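Open the model in your viewer and keep the selection tool ready. We will go from pockets to charged pairs, then finish with the whole chain.

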Amino acid sequence: MDTNRKLTDMTGKKLRTPSYKYSFRLNEEQNIRFNELLCKAGLEHNRSRFIVKRIFAEEFVVIKRDPSKVQFVARLNDFYFQFQKLANNYNQVVKAINSHFSSVAIPHQIAALEQRTRELKAFSIEILHLAKQAKEWLRI
């Protein structure tokens, strides 16, 4: 077991560990406000990082999770995967038509498939339009 390991980063330089500690006290009202700010910033698990970023005015991103947005994106992903499966089935149908039907029947089968494809295209355009409206509404 190697106990003489150096703490280094990927470049081989020694990592700088924080070595100065500061403490402060808050009254009840300030503590409530402080905890609200922590929750808004999503850093309630790391108070020291939040404090350092606030003191030195470093930028931190606040991510608010809206359950309706998450649900919408999940359903949109499910629909996308179903659409992929449909495209795969479409390719299999075309391959089956070409291999199992006679040259006389193929144009009729392809015409029927083209009609369904037009319907599917209109449906997908409507879905894209609704997704764009939802994007503006949910501000994704």
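**Stop 1: salt bridges**

Begin at Glu-114, which counts as partly exposed at 39% relative accessibility. Those words have cut-offs: buried is under 20% relative accessible area, exposed is over 50%, and partly exposed lies in between, with a 1.4 Å probe and protein chains only.

Before going on, note what you are viewing. This is a predicted model, in which local features need pLDDT of at least 70 and side-chain atom pairs count only at pLDDT 80 or more, while totals for chains, interfaces and linings use all residues. Residues are numbered from 1 along each chain as its sequence is written, and side-chain values use heavy atoms, leaving out hydrogens and water.

What does Arg-118 form with Glu-114? The two form a salt bridge, with their closest N and O atoms 3.9 Å apart. The term means a side-chain nitrogen of Lys or Arg within 4 Å of a carboxyl oxygen of Asp or Glu. Side chains of opposite charge can pair when their charged atoms come close.

Colour helix 4, residues 106-138. Arg-118 and Glu-114 are 4 residues apart in helix 4, so about one helical turn separates them. Helices here are DSSP runs of H or I with at least four residues, strands are runs of E with at least two, and numbering starts at the N terminus. Is Arg-118 buried or exposed? Arg-118 is exposed, at 51% relative accessible area.

Stay on helix 4 and select Arg-116 and Glu-119. They also form a salt bridge, and their closest N and O atoms are 3.3 Å apart. The two residues sit 3 apart in helix 4, so about one helical turn lies between them. Arg-116 is exposed at 55%, while Glu-119 is partly exposed at 40%. The count comes to 2 salt bridges.

**Stop 2: the largest pocket**

You are now at the largest pocket, with a volume of about 520 Å³.

A pocket is found on a 1 Å grid over the protein atoms alone: it is an open set of points where a 1.4 Å probe fits, with protein on both sides within 12 Å along at least five of seven lines, and lining residues have an atom within 4 Å of a point. Its volume is the space filled by probe spheres set on the points, which are joined across faces, edges and corners.

Which helix gives the most to this lining? Helix 2 does, with 5 residues. Colour helix 1 (28-41) and helix 2 (47-55): each supplies at least two lining residues. By class, the lining has 10 nonpolar, 3 polar and 2 charged residues.

**Stop 3: the second largest pocket**

Select Phe-34, Leu-37 and Arg-54, which are among the residues lining the second largest pocket. About 230 Å³ of space lies there. Helix 1 gives the most to this lining, with 5 residues.

**Stop 4: the whole chain**

Zoom out and colour by secondary structure. How many helices does the chain have? There are 4 helices and 0 strands, in the pattern α-α-α-α along the sequence. Of the 140 residues, 10% are buried.

Notes: Ala, Val, Leu, Ile, Met, Phe, Trp, Tyr, Cys and Pro count as nonpolar, Asp, Glu, Lys and Arg as charged, and the others, Gly among them, as polar.
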